[in-house]
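Colleague: Could you walk me through a few features of a new model? I would like to learn how to read each one.

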Amino acid sequence: MPLYSVSQIAKRTGVTVRTLHHYEAKGLLYPATRSAAGYRLYGENELLRLQHIAALKMLGFPLNEIRDCLDANAPSLAEALTCQVDRMRGTIVRQQALLIRLERVARQALSGETIDTETLLNSIEASTIMEKYFTEEQMQTIKQRGDTLGPQRIREVEQAWPNVIAGMQAALKLDKDPASEEVQILARRWRELVREFTGGDSGIQRSVNTMFHDDADTMQSQTGIDPALMTYASKAIGLLES
């Protein structure tokens, strides 16, 4: 029976290596075995399971429900349809919210108001990057986190970030020891602000780190945090007591 590596599956199916690793972390799909060099290898049973995952994902099931479905040998048709109806209702709610925002922009355009295209472009770019680096479940968690914090707290966090970033940039420029009391105070505040966004979710934190690493130029233009500053801040945060 042939075995396929992660890269071979990614090349043949379009399912990314990152996604396959994420499925394993979520308990959805494990490799059949590993090569002598330690590489993951998948066989026919794993490919069948991957196909099942893809089918359920297309129906709109979130990953945690897909795992439950697979562990229970898939839901009945009635259960699947009921879940899909619930998911569709959620989609309709999100689409209605989007419609309201689009109508607001349309009214501005019709009334002759100037629309800040730079803001629109930045918003589109940010949305695209979010979809690129965060899973559907993580996006939902982030949304729920925003709902929990509320608009006032979100504004307070947004207003606090520039001072923390500026302080960390100044410390880096002066080559201050990341373990120094001054930098540690900044690091603690930095971590607190990040946790406001992630809710302490380690998976979301990893996605944030990957996003800043892989899209460094874009993130620097949006946040003012360049790779050198991110490395310095991460080192300082790593020295904090839990």
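This is a predicted model: local features need pLDDT of at least 70, side-chain atom pairs count only at pLDDT 80 or more; totals for chains, interfaces and linings use all residues.

Colleague: What holds the strands of a sheet together, in general?

Modeller: Strands pair through backbone hydrogen bonds, in a parallel or an antiparallel way. Here, three strands form an open sheet in the order β1-β3-β2, and the pairing is antiparallel. At the edges are β1 (4–5) and β2 (33–34), each of which pairs on one side only.

Colleague: How many bridges join β2 to β3?

Modeller: Two bridges link β2 to β3 (residues 40–42), and these strands run antiparallel. For T33, the bridge partner in β3 is L41.

Colleague: Is D175 buried or exposed?

Modeller: D175 has a relative accessible area of 65%, so this residue is exposed; the cut-off for that label is over 50%.

Colleague: And E196, buried or exposed?

Modeller: Buried means under 20%. E196 has a relative accessible area of 15%, so E196 is buried. This residue is part of helix α8 (residues 181–198).

Colleague: Which residues does E196 touch?

Modeller: Leaving out residues up to four places away in sequence, E196 touches R145, L149, R153 and V157.

Note on methods. Residues are numbered from 1 along each chain as its sequence is written. Side-chain values use heavy atoms; hydrogens and water are left out. Helices (H or I, at least four residues) and strands (E, at least two) are DSSP runs, numbered from the N terminus. Buried means under 20% relative accessible area, exposed over 50%, partly exposed in between (1.4 Å probe, protein chains only). Contact means heavy atoms within 4.5 Å. Two strands pair if DSSP finds at least two bridges between them.
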